[in-house]
Amino acid sequence: MWPPDQEPDPDPDPASARAGRSPPGAAMPGLRALLPARAFLCSLKGRLLLAESGLSFITFVCYVASSASAFLAAPLLEFLLALYFLFADAMQLNDKWQGLCWPMMDFLRCVTAALIYFAISITAVAKYSDGASKAAGVFGFFATIVFAIDFYLIFNDVAKFLKQGDSAEENTADKAEEENSDSDSD
């Protein structure tokens, strides 16, 4: 999907190095540090967050151009939140900030976004007749589907995690019960 990184030239042009210019294909190392890792962007979560932010931005632009401009705050907020979670997950802030419950915050963000997009998309398609409102409604429906897929996957991950925790607690409780019981029936 992504083009492979190009190998640096083994013998850069000394004239351009003395002039302080970088080769045309070279990226600035400072700006490259701000980009999410390619492995994360190719993962399912990365693709979902990219789709959420892209659809939210497109929906926002459509609402700006439409007569249903009262609805433009929701796509803008969801766009900014999707970008925040994209970079937070890419930079692994969930590992660095342990005090926050990242899966629950992401789950609530996706649930509320899906519900809000669904409601404003129905309203935009049904109430307004201009083409930009209809386009915003259609992109809002697509965003609803993407957000719903994301919260479904988050819910499944959290449910698996909680089931593993419950089975481990049951095993330790069973072992403690067996140790505490009278075993003189031998």
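**View 1. Helix H5 and its buried residues.** In this predicted model, helix H5 buries Pro75, Glu78, Phe79, Ala82, Phe85, Leu86, Ala88, Asp89 and Ala90. The helix runs over residues 73-90, 18 residues in total. From first C-alpha to last, H5 reaches 26 Å, close to the 26 Å expected at 1.5 Å a residue. After H5 comes Gln92. The phi of Gln92 is positive, near 55°.

**View 2. Helix H4, its span and its buried residues.** H4 covers residues 44-65. Its 22 residues should span 32 Å at 1.5 Å a residue, and the end C-alpha atoms are 32 Å apart, so the two agree. Buried here are Gly46, Leu48, Leu49, Glu52, Ser53, Leu55, Ser56, Thr59, Phe60, Cys62 and Tyr63. An α-helix has 3.6 residues a turn, so residues three or four places apart point the same way.

**View 3. Glu52, a buried residue of H4.** Glu52 sits in helix H4. Its relative accessibility is 0%, so Glu52 counts as buried, the cut-off being under 20%. Which residues does Glu52 contact, leaving aside neighbours within four places in sequence? They are Ala82, Arg109, Cys110, Val146, Phe147 and Asp150. Of these, Ala82 is a buried residue of H5.

**View 4. The largest nonpolar core.** This core has 18 residues. Tyr63, Ala68, Phe71, Tyr117, Ile120, Ala143 and Phe147 touch the most other members. Helices H4, H7 (102-127) and H8 (131-180) each supply at least two residues of the core. H7 gives the largest share, six residues. Ile120 touches Tyr63, Phe71, Ala74 and Pro75, with residues up to four places away in sequence not counted. Pro75 is also among the buried residues of H5.

View 5. Leu49 is one of the buried residues of H4. Phe85 and Ala90 are among those of H5.

**View 6. A nonpolar patch on the surface.** Tyr84, Trp97, Leu100 and Met105 form this patch. Together they have about 370 Å² of accessible area. Where does Leu100 lie? Leu100 is in the loop between helix H6 (93-96) and H7. Its relative accessibility is 40%, so Leu100 counts as partly exposed.

Conventions: Residues numbered from 1 in each chain as written. Predicted model: local features only at pLDDT ≥ 70, side-chain atom pairs only at ≥ 80, totals over all residues. Heavy atoms only, no water. Core = buried A, V, L, I, M, F, W, Y, C linked by side-chain atoms within 4.5 Å. Buried < 20%, exposed > 50% of the residue type's maximum accessible area, 1.4 Å probe, protein only. Helix = DSSP H or I, 4+ residues; strand = E, 2+ residues; numbered from the N terminus. Contact = heavy atoms within 4.5 Å. Expected span 1.5 Å × (residues − 1). Patch = residues over 30% accessible without salt bridge, like charges linked within 9 Å, V, L, I, M, F, W, Y side chains within 5 Å. Areas by Shrake-Rupley, 256 points an atom, 1.4 Å probe, with all protein chains shown as cover. Salt bridge = Lys/Arg side-chain N within 4 Å of Asp/Glu carboxyl O.
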